[in-house]
Amino acid sequence: MVSRLGVRIPRELPAARLRSLARRAEQEGLDEVWIVEDCFYAGGIATASAVLAATEKITLGIGIMPAVARNPAIAAMEIAALAELYPGRLIVGFGHGVPSWMRQINAWPKSALAAFEETLAVIRRLLAGERVSFEGKHVRLDDVQLEFPPAVPPKIVAGVRGPKSLAAAGRVADGTLLAEPATPEYVRATRELIGVEGHSIATYNWLSLDADPERARERARADVASAIGPNSGPALGPLDFGAELLAEVEAAGDDLARRLRPEWIDRLSVSGTLDRCVEQVRALYAAGTESVILLPLLGEPEEESFAAAGRIATALRG
């Protein structure tokens, strides 16, 4: 299994900063750089094009786009153009989309699961050069074929977490992207649930590298708490402290960050000394992660976080 290390550029940054940060990720020797398409920040296809044009060899991941926000034929056209211009350097992620955002733009479907599965299935067929007619619950295409299908179709990954959605990902996606916090236990549980040979797993993980483990932990505390909520059951359920943490989520409300135990933060992030961070990344690889994508802590200089990720990459190779 290939083991890759990447970083994610925060969605909160203006598009003008993406190119320099992507170049920094490449200079640090990282394998991948990921961008986010969330409403109502920068669009995923446009920013992906800018990042790919500004770099030479690093792989660009879009993680993730709402499957229902675009007609699948139009999405396939956009993806095909990027994949043909930058062959072998693109990974495209799709998810259901946040319901409240999708309702804001009148895109929330009657069946989110059907829309997701049909969209990914059709996009993959179009990228493979097929002529597609399809009549589903959500997707309807009449004799559609891309004029310029890419010579190297990009990997399509699913950013989902529920059991039904993960099962669908196993049927129609090349891989699955697990949102933060993604632990080795979560990876193993996901692999077992999907049960498809060759299906790749990528994980988002907060990064807090510091020579002082306690300081690293405290720096990560608020970000770890921000990623945990009532829908975190699939991620936390496989953990030996998962039920206790979910009870804290229920009871703590806005006070969750303060109530996180130090050992929980250690398990839910890539944090601590260089040796400790390398150990945590290797544990994710051993559990079945092919790509570990490190997330800069919010409010901290992204360049420093990318340099920290580069140190981890160098140590892993050493």
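A residue is termed partly exposed when its relative accessible area lies between the buried limit of under 20% and the exposed limit of over 50%. In this predicted model, Glu12 has a relative accessible area of 42% and is therefore partly exposed. Arg11, with a value of 28%, is also partly exposed. The side chains of Arg11 and Glu12 form a salt bridge, with an N to O distance of 3.2 Å.

## Salt bridges of Arg70

Arg70 is partly exposed at 22% relative accessible area. A salt bridge connects Arg70 to Glu37, their closest N and O atoms lying 2.7 Å apart. This pair links distant parts of the chain, 33 residues apart: Arg70 lies in the loop between strand S3 and helix H3, and Glu37 in the loop between strand S2 and helix H2. Glu37 counts as buried, at 10% relative accessibility.

Arg70 also meets Glu78 in a salt bridge (3.3 Å, N to O). Glu78 is partly exposed, with a relative accessible area of 28%.

Ten of the ten residues of strand S9 (residues 200–209) are buried, so the strand is largely enclosed by the rest of the structure. Ser200, Ala202, Tyr204, Trp206 and Ser208 point one way from S9, while Ile201, Thr203, Asn205, Leu207 and Leu209 point the other way.

Bridge partners include Thr176 with Ile201, Ala202 with Ser291 and Leu207 with Val270. S8, helix H7 and S9 together make a right-handed β-α-β unit.

Conventions. Residues are numbered from 1 along each chain as its sequence is written. This is a predicted model: local features need pLDDT of at least 70, side-chain atom pairs count only at pLDDT 80 or more; totals for chains, interfaces and linings use all residues. Side-chain values use heavy atoms; hydrogens and water are left out. Buried means under 20% relative accessible area, exposed over 50%, partly exposed in between (1.4 Å probe, protein chains only). Helices (H or I, at least four residues) and strands (E, at least two) are DSSP runs, numbered from the N terminus. Two strands pair if DSSP finds at least two bridges between them. A crossover is right-handed if, with the strands pointing away from the viewer, the path from the first strand over the helix to the second runs clockwise. A salt bridge is a side-chain nitrogen of Lys or Arg within 4 Å of a carboxyl oxygen of Asp or Glu.
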